[in-house]
Amino acid sequence: MSHPLRPIDLVRQPAPFQDRYKILQKLLAHLQKVKPNAAEKLNKLAVGLEARVAKSSSSPQSYRFNMSILMRDLTKYKGDLSQIRVGQKPIVARDKTRPSNITKLNAMEKLKAVIIDTEVLKKNGYIIGKETTEDPADLIYTTCIRCNTKFEKAKIMENAFCRYHISKKQFDKVSKTYQYPCCGETTVSTSFLRLGCQTQNHHVFRSETYEELSTISKFISTDNYSGEENVLALDCEMAFTSLGYEMIRLTIVDFFTSKTLFDEIIRPIGEVIDLNSQFSGVHEICESNSMSYHEAMRKVVSEKLINKNTILIGHGLENDLNVMRIVHKKIIDTAILYSKGRYKSSLKNFAFEFLSREIQNGEHDSSEDAIATMDVVKVRLGIPVEQTGWD
Ligand SMILES: [Zn+2]
Ligand SMILES: [Zn+2]
């Protein structure tokens with residue numbers, strides 16, 4: 001049964017009961033327009049809002065005036081009560097642990113509105129289906145992403161000499177040269193150190209095309225997995241192995257409860273060349289602390305976790321999905337959505353800009369990154385970050 005539509009009795013009525021009743025009906029009709037998905041709750045909401053306006057008004061004129069401001073704001077903010085004030089006071093309590101006016105349905109609508117178009121995903125390196133545009137030679141040879149040497153993939157575990165810099169070169173405006181932040185060398189230096197401050201016995205590579213990636217392990221399309229319509233934030237840590245770039249840790253966090261649903265160290269298929277511990281935060285992988293890649297994928301691509309109805313949130317998520325070999329279409333990628341200008345912003349910058357949160361000071365943590373990405377989306381969509389209870 002719905003809540004009775006009747007003005008609440010007040011000690012000091014700003015207007016006669018009959019007038020209040022008429023205005024209450026008008027307010028309800030207005031709410032039905034701006035919040036069409038909350039039908040059953042609107043009577044109660046209308047009665048509550050009318051009472052607030054009545055209490056903060058001292059005369060019939062101010063009552064009517066305040067009510068017209070409320071209706072205007074309801075239209076302006078599309079029914080988002082967290083934006084609305086009555087008599088200078090916010091109508092949604094500031095206690096963030098309590099459910100806000102934002103329902104799961106509201107949040108889902110906001111999220112669905114920013115799912116990225118498939119064509120845009122393709123342009124950003126997402127693999128959406130089988131593509132065969134490749135030169136077959138690329139399947140045999142590759143280029144080291146550290147030192148740029150061309151080598152045969154099959155011979156990756158043979159000793160080689162790889163000299164490189166840990167950090168990408170950056171343009172220095174004062175000296176007008178490119179510098180390597182890792183060691184201070186410049187591209188115009190005459191020292192052999194300009195070629196790199198680090199050396200390794202193996203080259204490393206990173207496959208990016210469907211064909212190359214699927215020779216290592218097959219892609220799974222989530223289209224074949226039905227399940228609940230959930231919203232998950234995901235982040236991987238990766239390492240270099242004899243098979244290229246592989247996942248070594250995976251974290252999945254639930255958008256609505258902020259609970260970590262999956263967080264495991266993953267054993268790669270190939271032989272480890274470099275765990276990138278400095279970035280990945282993973283220092284050791286052994287049988288006892290990890291899960292195999294195939295076991296992890298069986299758990300993760302499933303009814304309860306990633307299925308065809310899942311909305312996946314990530315930052316530069318094409319990297320994660322490619323190492324996981326997942327083809328998925330409902331994507332919210334903060335790097336695509338919120339970067340300004342020609343280059344994609346880092347998650348570190350977004351966390352600082354939108355959350356005033358410092359992340360990735362030193363080793364990365366896929367759990368911290370997944371949560372930060374999810375919170376950036378919440379802030380940008382006006383969904384309270386701390387809210388874990390939903391109607
Ligand atoms: Zn260097
Ligand atoms: Zn190399």
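Tutor: In this predicted model, strand β10 (residues 231-241) and strand β11 pair in the antiparallel sense over 10 bridges, where strands are DSSP runs (E, at least two residues) numbered from the N terminus, as helices are (H or I, at least four), and two strands pair if DSSP finds at least two bridges between them. A hairpin through 2 residues joins β10 to β11, and Ala239 stands opposite Glu246 in β11. Strand β11 itself spans residues 244-254 and is mostly covered, with 11 of its 11 residues buried; buried means under 20% relative accessible area, exposed over 50%, and partly exposed in between, with a 1.4 Å probe and protein chains only. Strand β11 is also joined by 5 bridges to β12 (residues 260-267), and these two run antiparallel. Within that pairing, Leu250 has Glu264 in β12 as its bridge partner, while the hairpin of β11 and β12 has 5 residues between the strands, and Ser258 there takes a positive phi near 60°.

As for cysteines, the structure holds 0 disulfides, a disulfide being a pair of cysteine sulfur atoms within 2.5 Å. Cys236 is buried at 6% relative accessibility, and its sulfur lies 20 Å from the closest cysteine sulfur, in Cys286, which is too far for a bond. Cys286 is partly exposed, with a relative accessible area of 24%.

Residues are numbered from 1 along each chain as its sequence is written, and chains are lettered from A and ligands numbered from 1 in the order in which they are written. Local features need pLDDT of at least 70 and side-chain atom pairs count only at pLDDT 80 or more, whereas totals for chains, interfaces and linings use all residues, and side-chain values use heavy atoms, with hydrogens and water left out.
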